[in-house]
Structures are given as structure tokens and as C-alpha cells.
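Subject: Structure handover

Hello,

Please find the structure below.

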Amino acid sequence: MLSVSDSAREAVADVPDGATVLIGGFGTAGQPVELIEALVDGGATDLTVVNNNAGNGESGLAALIAAGRVRKIICSFPRQHDSHYFDARYRAGEIELELVPQGNLAERIRAAGAGIGAFFTPTGYGTQLAEGREVREIDGRHFVLEYPIRGDYALVKAHRADEVGNLTYRKTARNFGPIMAAAATTTIVQVHELVPVGGIDPEVVVTPGIYVDRVLVVPTEATPPPEEGQ
């Protein structure tokens with residue numbers, strides 16, 4: 001049963017210390033900033049965070065890292081010009097990094113949601129990223145065994161939800177949201193708009209409501225036009 005939270009703090013209130021949290025977003029695109037900052041305020045610590053990046057600037061995931069709440073981050077792109085909080089904590093030995101090629105990261109998350117036990121991929125073979133992993137030759141090509149990444153919680157940003165949790169996204173803000181929603185035990189989504197059942201054309205639903213547990217409405221001053229077909 002979908003629940004609608006009254007506040008971001010309420011939406012993430014039960015995230016415990018030590019949880020694995022999948023956080024959508026590609027840089028700032030699609031990052032659920034309000035949910036992340038409520039997680040900062042809530043005090044959960046010793047977190048393992050899965051995200052494409054390792055925080056940008058001062059807000060969102062960067063603020064969670066700056067607060068010392070992240071024990072480990074699993075990502076594909078940890079360093080950029082404004083990832084100074086991650087850089088400082090990593091150099092000080094205060095945060096663990098698991099570096100995963102971007103396609104492997106997406107597929108490991110997708111595999112968790114699809115119920116796949118493991119898969120072989122050629123990406124990473126012959127590099128340090130494959131050290132200690134099982135390798136198999138298939139049709140004359142070498143592959144590395146990868147395991148799914150599951151989350152206790154997923155924090156996702158979408159554009160619109162209906163009252164049973166079906167979601168649509170805005171363009172590239174879609175990125176990791178759909179696969180993370182399917183790969184977590186509890187999925188919490190912030191949206192710009194909540195509409196009645198039937199308010200979203202079934203043909204444009206990206207994430208079915210069966211994967212969504214909680215919704216928080218964070219309206220914008222100017223809501224973008226609806227996706228084509230709505």
C-alpha cells in the first residue's frame with residue numbers, strides 16, 4: 001500500500017544506521033535532494049550509498065558525505081571539479097570507495113530488481129577492477145562475474161506519480177531511478193506532482209507502482225509540461 005509522506009523528514013525517518021541506500025541521479029540530474037538532506041537531518045550514519053557520482057557542490061549527496069554519514073560509496077564517477085567533500089574524506093581514509101564501470105553499475109542494480117543471481121560481463125577484464133573475481137572464457141572471449149547490488153532503501157526523484165505509485169520522469173532525470181526503485185526493499189520517491197489514478201497514461205508509465213512504497217510531493221514553482229502522450 002502506497003503511503004504519502006507529509007514531509008521529507010517523515011519519509012526517511014526509518015532509515016537505520018548501516019543501511020545500504022540506492023540514490024538516483026546522474027550528477028545533479030534526477031538527484032532527490034530534499035530526501036537526501038532529510039536523511040542528513042535524521043542522523044542515520046555508517047551508510048553504504050550507491051550512486052553514479054560521489055556528490056556535487058554543497059547539497060544533496062555531497063552534504064551527506066560532508067556530515068560523515070557515509071561509510072562506503074559504490075559509484076562509477078567519484079571525482080569531478082566540485083566533489084571536494086568526497087575527495088577530502090577519501091584522502092583521509094574516512095570513506096571506502098568501490099569503483100564500478102558505469103554499465104556494470106547499472107546492470108548490477110538492474111539484476112537485483114530482476115532477480116538475477118549473477119552475470120558475466122567483458123567490462124573490466126584484465127584490469128585491477130577484475131582482481132579477485134571469477135573469470136570465464138565464453139566463445140573465445142573473457143568475462144568477469146559480477147553480482148547484483150541490492151538496497152535496503154532507494155531514494156528516487158520522479159516527475160509525476162499517481163495515487164498507487166506509478167511514476168513518470170523528466171527526460172535525463174530518469175537515469176538510475178527506474179532500476180533503483182526495483183532493486184530496493186523500500187523505495188521512497190519525491191515527485192513534483194501527485195495525480196489521481198488514471199491521471200497518467202499507462203503507455204508512459206516508467207516505474208510501475210508495485211515498486212514504490214512512499215511518495216513525497218515537492219512542488220516546483222513552474223511544473224514542466226507533461227510528457228508526450230499524457
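This is a predicted model: local features need pLDDT of at least 70, side-chain atom pairs count only at pLDDT 80 or more; totals for chains, interfaces and linings use all residues.

Residues are numbered from 1 along each chain as its sequence is written, and side-chain values use heavy atoms, with hydrogens and water left out.

Nonpolar cores

A nonpolar core is a set of buried Ala, Val, Leu, Ile, Met, Phe, Trp, Tyr and Cys residues joined through side-chain atoms within 4.5 Å. Buried means under 20% relative accessible area, exposed means over 50%, and partly exposed lies in between (1.4 Å probe, protein chains only). The largest nonpolar core has 30 residues, and Val12, Val15, Leu47, Leu64, Ile73 and Leu155 are those with the most contacts inside it. Two or more residues each come from helix H1 (8-11), strand E2 (20-23), H2, strand E3 (47-50), helix H3 (61-66), E4 and strand E9 (151-157). Helices (H or I, at least four residues) and strands (E, at least two) are DSSP runs, numbered from the N terminus. H2 gives the most to this core, with 5 residues. Another core, of 23 residues, lies apart from it and includes Val156, Ala183, Val191 and Val212.

Valine 15 touches Val21, Leu39, Ala44, Leu47 and Tyr153, not counting residues up to four places away in sequence. Contact here means heavy atoms within 4.5 Å.

Helix H2

Which residues of helix H2 are buried? In this helix (residues 33-42), they are Leu35, Ile36, Ala38, Leu39 and Val40. Just after H2, glycine 43 takes a positive phi of about 90°.

Strand pairings

Two strands pair if DSSP finds at least two bridges between them. An open sheet of 3 strands has mixed pairing and the order E11-E10-E13. Strand E11 (167-168) and strand E13 (193-195) stand at the edges with a single partner strand each, so one side of each has no neighbour in the sheet. Strand E10 (residues 160-162) pairs with E13 in the parallel sense over 3 bridges. Aspartate 162 has valine 195 in E13 as its bridge partner.

Strand E14 (residues 214-217) runs parallel to strand E1 (residues 3-5), and 3 bridges join them. In this pairing, serine 3 stands opposite arginine 214 in E14. E14 also pairs with strand E12 (residues 184-191), in the parallel sense, over 4 bridges. Glutamine 190 stands opposite leucine 216 in E14.

Leucine 97

Leucine 97 is in strand E5 (residues 96-99). Is leucine 97 buried or partly exposed? It counts as partly exposed because its relative accessibility is 24%. Leucine 97 touches Ile73, Cys75, Pro78, Phe86 and Tyr90, not counting residues up to four places away in sequence. The C-alpha atoms of leucine 97 and leucine 194, 97 residues apart along the chain, are separated by 36 Å.

Salt bridges

A salt bridge is a side-chain nitrogen of Lys or Arg within 4 Å of a carboxyl oxygen of Asp or Glu. How many salt bridges does the structure hold? There are 13 salt bridges.

One of them joins the side chains of glutamate 98 and lysine 72 (3.1 Å, N to O). This pair links distant parts of the chain, with glutamate 98 in strand E5 and lysine 72 in strand E4 (residues 70-75), 26 residues apart. Both glutamate 98 and lysine 72 are buried.

A salt bridge also joins glutamate 146 and arginine 133, with the closest N and O atoms 3.1 Å apart. Glutamate 146 is in strand E8 (residues 141-146), and arginine 133 is in the loop between strand E6 (119-121) and strand E7 (135-138), 13 residues apart. Glutamate 146 counts as buried because its relative accessibility is 4%, whereas arginine 133, at 29%, counts as partly exposed.

Asp46, Arg71, Lys72, Glu96, Glu98, Arg108, Arg133 and Glu146 are linked in a network of salt bridges.

The side chains of glutamate 107 and arginine 110 also meet in a salt bridge (2.8 Å, N to O). These two are about one helical turn apart because they are 3 residues apart in helix H5 (residues 102-114). An α-helix has 3.6 residues a turn, so residues three or four places apart point the same way. Glutamate 107 is partly exposed at 27% relative accessibility, and arginine 110 is partly exposed with a relative accessible area of 35%.

Regards
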